[in-house]
Amino acid sequence: MKKYKPNFNDPRVASKARSALGWATQQLHEHKYAGWSTRHLDKRIGYSHTNLGRYLRQQLLITHNNHYSMEQGFTKQYRLNLHGVYHLAQQLGMEYNPRKLRRSIGVKTAIEQYQPQFQTAFEYTHKNNRSYHPLQNLRSDIRKPLFEHYGYKHNYDIENSYPTLLLNAVHQHCTLRKPLTALEEYVANPQQVRLRIAQQIGVDYLTAKKILIGKCNGGTLRIHSELWRMLDAIPLHRLRRNTWFKQFALDLNRAWSNIARHYGARSFSPSERMSFYLQLEKQVMAIVQTTFERNQIDVFLEHDGWRATAYIDTDVLEQLVKDKLNYTVRFVCK
């Protein structure tokens with residue numbers, strides 16, 4: 001059988017290949033595998049039963065796990081094929097930085113592809129008290145230069161959002177018999193706590209941060225859990241014995257128990273906890289969005305953060321949230 005070779009002089013073939021190359025370099029990682037459904041790959045790269053679709057998949061994807069289950073929701077896992085990216089970029093005559101191959105192509109194609117999105121107001125879909133937009137799904141090292149290119153140079157976040165808003169809600173609605181010492185320390189000094197945990201259990205700072213975020217989101221140290229998979233045996237053993245971490249877990253449970261009783265419930269399920277937190281986040285983000293709009297500054301929402309085309313001092317924003325909600329929060333602008 002004759003080997004298929006795309007005719008890149010055909011505008012339709014070149015357009016489809018450029019679009020597939022853009023999606024792959026914007027979404028996939030060259031080292032880490034991630035699950036993607038066949039339906040999504042059909043849309044973004046091309047149907048596997050067509051010559052061009054099959055060729056583009058071979059060039060752009062490296063398959064890690066061929067096992068999938070429609071019933072259990074397991075998808076095949078893929079990572080980016082850098083050799084194929086290089087070959088395809090050359091065939092298309094694209095300019096790129098050879099030292100930052102994926103990123104340079106991803107940014108270039110994103111700037112071209114998403115230009116219409118920046119010419120009108122962003123349209124979000126709203127679900128579970130959050131605003132969603134396809135641009136939120138781009139890899140961070142693509143999203144940042146893309147938005148900066150179109151003038152969104154100020155990147156804000158609610159610092160340590162989940163535990164901060166939870167603690168504010170507890171203080172506002174509940175009367176505590178004992179203070180939540182570990183939770184309060186983490187909200188007051190998150191960097192210091194993460195560094196201490198990292199040193200005590202023998203992991204890096206970023207892993208310690210992920211552990212504490214995971215615990216806030218209901219993670220456990222049981223076998224096969226997300227936190228269990230994150231750690232080697234020795235750090236896991238040290239974390240299980242860590243006095244501060246045990247107290248932190250107790251404080252989170254006590255905080256949620258008090259919130260549930262305030263609303264007449266014995267307890268909140270994990271989904272009810274997340275729904276309650278997202279409502280708190282939505283209240284803060286509504287104040288932020290209104291403030292920027294009144295100042296005629298364009299913003300793009302990213303869950304507990306946002307990007308803006310001009311700067312408003314974080315002290316001003318924090319005071320507005322304090323005045324309207326009686327919440328003490330810290331905003332960070334990068």
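Biologist: Which elements each supply at least two residues of the lining of the largest pocket?
Modeller: A bit of background comes before that. This is a predicted model, where local features need pLDDT of at least 70, side-chain atom pairs count only at pLDDT 80 or more, and totals for chains, interfaces and linings use all residues. Residues are numbered from 1 along each chain as its sequence is written, and side-chain values use heavy atoms, with hydrogens and water left out.
Modeller: Now the idea: rolling a probe the size of a water molecule over the atoms shows where empty space is left. Helices (H or I, at least four residues) and strands (E, at least two) are DSSP runs, numbered from the N terminus. Here, β6 (154–158), α7 (161–173), α9 (190–201), α10 (205–216) and α14 each supply at least two lining residues. The most come from α10, with 6 residues.

Biologist: Is Val329 buried or exposed?
Modeller: Buried means under 20% relative accessible area, exposed over 50%, and partly exposed in between (1.4 Å probe, protein chains only). Val329 has 4% relative accessibility, so it counts as buried. You'll find Val329 in the loop between α15 (314–325) and β9 (331–333).

Biologist: What is Val329 in contact with, leaving aside its neighbours within four places in sequence?
Modeller: Contact means heavy atoms within 4.5 Å. For Val329, the partners are Thr164, Leu165, Asn168, Glu318 and Val321. The C-alpha atoms of Val329 and Asn160 are separated by 8.9 Å, though the two residues are 169 apart along the chain.

Biologist: How many disulfides does a search of the whole structure find?
Modeller: A disulfide is a pair of cysteine sulfur atoms within 2.5 Å, and the search finds 0. Take Cys216: the nearest cysteine sulfur, that of Cys174, is 17 Å away. Cys216 counts as buried because its relative accessibility is 6%, while Cys333, at 26%, counts as partly exposed.
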